[in-house]
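Open the model in your viewer and keep the selection tool ready.

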Amino acid sequence: MRCWITSKKISVEVNGQQFELPEGSTLGDALKVSNAPYRAGTAIGILKMTAERKSEVITEYAINTTKGEFRIELEDSDSPSGKLWAENFKEYEGKNVHWAGPEALAFGPFEAELKPERGLRGFEAFDVVFGAGGFDPGNTHLIISRKRHAAEYGTPEEGVFAKVIGGKNLLNRLSKDDSILNIEPIIEWEQLAEKTCTDDLSTSIEDGASIFTYFEIELSRNAPVGAEHFYALSREGVLKVDYVASSFISDNSLREEIAPYENFEPRTEGAVSVRTVGYGTGKVYISREDRPSSLVHSVVGHVTKGLELVKLAEKGQELAVESLPPQLVLLGHSFEEVEPVLSSIGVELVKEGYTEEDAVIVRQEPATTLEILGDAKVTAFAVPGSKLVKVELYPEKAPKSVDFFRHSLELKTKTVGQLLVSMVYENTYLFRAEKVEAIKYKEILPENSPRGKVLAGEFGITNQSAKRMGNIGVKLVDDDLFGPTGEKFSSTNIIGRVIDPEKLKGIKEGDIIYVSEAIRK
């Protein structure tokens, strides 16, 4: 008699694809079977839906007109205007476009219980307000802003109560011949779920679980410099979760690295934005829910896959991320390395400077990936490999000084930086960084000061206990009296070592040397 032993299977979803696994399988087993994108040490989201319930608060409405549908979302459902809308929106069905101008359009009139206020107000594109013509509540209109402008509409004190979030292009096609056919609330169903986010690959998974190992971001052509900022942040394919709020997560790695304001648009769910001014400049945010546009947040991209992982992430975790299009990294590479890559995507390479076999690219124009792809052309300037110096930094021993060094040479956002040779004497070489203004707002407190002896090749920065704060230096010989910048040990912070110090021989005052950070294993 033959016995068959059967193993019960469970069905799980990994990044949107369905797989069957033996009962009792772990996250690690799911990764092996699915061959899913994953980076060691990053957190993985696990979600299992258990039930659904109807949302008690309705914030979104579909307005169907004679030319099509647009949607609005209430900014504050508890405001007087928000309550007025929620209680009376059906009364606005059948209302015509009373007037339409380049800046706004208005449906109405109708009577409403509101308190109009006098005075000019500023409005952003897609703002929705009530306005009372002649400051008469009996002559109220539903006003929708088409573009940023200032006007006096007799709007109540609370002002904007909603935003247009869908069908925006329709607004410019509506005229006095159009009207509202009907208005319907969008009823959302909340899914109740068992959820976790963990980097423990031994975690058991259950039947019906959805697993998210990474998320994908499509960067915006409207924000090429901001996109480059994000590329720098996620250079290792990882985003750090430094802060978590209900509406966003943020990575603070590039705080104080300035990015320009390029793209004004609503921070919809999954929007990636960079703070461009004020406290937290340089931080990168990913929206977990829809938020309005901000004059201090430039939107640089959107999550196109794996938003669930962003929503499940916890403070202190790291998440695997992939960017589209991939970054084009030319700096620090040879012409021979980059030319076939650029050719394969239809980008013309123009070579300038030194072009022999040992050439290393140190500058490029345009400076950003998205501009290069848009132009289908890049000009790369190279120098002999002997002019590119590799350094190993000690961020664990001298975090503030290393931060100053990286910032000053723009090594936080680029793979190659520049140093000006300011003085050469005997076996000592002194340099000044490109961003000398960093000295004005970056502290260089004493840290990792040498004791006993400075070794050849070690380089340091003069700290703020000496007049020449910010000087960078290296010696080619051991020294038991003075640091790499010629200062006494107490005025010196050791921040790393030059891996190939022999490349410094022969340089003179006024020369430029190029620096790249060695990859630490």
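**Stop 1: Gly45**

Select Gly45: at 0% relative accessibility, Gly45 counts as buried (buried means under 20% relative accessible area, exposed over 50%, partly exposed in between, with a 1.4 Å probe and protein chains only). This is a predicted model, in which local features need pLDDT of at least 70 and side-chain atom pairs count only at pLDDT 80 or more, while totals for chains, interfaces and linings use all residues. Residues are numbered from 1 along each chain as its sequence is written, and side-chain values use heavy atoms, with hydrogens and water left out.

Gly45 lies in strand 3 (residues 44–54). Helices (H or I, at least four residues) and strands (E, at least two) are DSSP runs, numbered from the N terminus. Now show what Gly45 touches: Thr196, Cys197, Ser210, Ile211, Phe212, Leu309 and Leu312, not counting residues up to four places away in sequence. Contact here means heavy atoms within 4.5 Å.

**Stop 2: the whole chain**

Zoom out. The protein chain has eight helices and 33 strands. Its C-alpha atoms fill a box of roughly 90 × 90 × 45 Å, taken along the principal axes. Of its 521 residues, 48% are buried. Among contacts between residues at least 6 apart in sequence, 73% join residues at least 24 apart.

**Stop 3**

Select the open sheet of eight strands in the order 6-7-10-9-12-5-4-13; the pairing is antiparallel. Two strands pair if DSSP finds at least two bridges between them. At the edges are strand 6 (97–100) and strand 13 (180–186), each pairing on one side only. From one strand to the next, the twist averages 30°.

Inside this sheet, pick strand 5 (residues 68–74) and strand 12 (residues 162–166). Four bridges join these antiparallel strands. Leu74 has Ala162 in strand 12 as its bridge partner.

**Stop 4: a mixed sheet and its helix**

Another open sheet has eight strands in the order 17-23-16-22-20-21-19-18, with mixed pairing. Strand 17 (238–240) and strand 18 (243–244) are its edges, each pairing on one side only. Highlight strand 16 (residues 215–219) and strand 22 (residues 297–305): they run antiparallel, joined by four bridges. Within strand 22, Val303 is the bridge partner of Ile217.

Which helix packs on this sheet? Helix 3 (residues 224–233) does, touching strands that include strand 16, strand 20 (271–275) and strand 23 (318–324). Its direction makes about 150° with that of strand 16 (axes are lines fitted to C-alpha atoms, for helices over the stretch in contact, and angles run from 0 to 180 degrees between N-to-C directions).

**Stop 5: the second largest pocket**

Select Arg235, Glu236, Arg406, Leu411 and Glu517. Of the 31 residues lining the second largest pocket, these lie nearest its centre. On a 1 Å grid over the protein atoms alone, a pocket is an open set with protein on both sides within 12 Å along at least five of seven lines, a cavity is a set of points where a 1.4 Å probe fits but cannot get out, and lining residues have an atom within 4 Å of a point. The pocket's volume is about 1,100 Å³ (grid points are joined across faces, edges and corners, and a volume is the space filled by probe spheres set on the points).

The lining has 14 nonpolar, five polar and twelve charged residues. Ala, Val, Leu, Ile, Met, Phe, Trp, Tyr, Cys and Pro count as nonpolar, Asp, Glu, Lys and Arg as charged, and the others, Gly among them, as polar. Helix 7 gives the largest share, four residues.

**Stop 6: the largest cavity**

Go to Val391, Leu419, Phe431, Phe459 and Val498, the residues nearest the centre of the largest cavity among its 13 lining residues. Its volume is about 80 Å³. Strand 31 gives the most to the lining, with three residues. By class, the lining has twelve nonpolar, one polar and no charged residues.

**Stop 7: backbone details**

- Leu324 to Pro325: a cis peptide bond, with omega near -5°.
- Glu365 and Pro366: joined by a cis peptide bond, omega about 0°.
- Glu410: a positive phi of about 60°, although not a glycine. Glu410 is buried, at 18% relative accessible area.
- Glu426: phi near 50°, also positive. Glu426 is exposed, at 74%.
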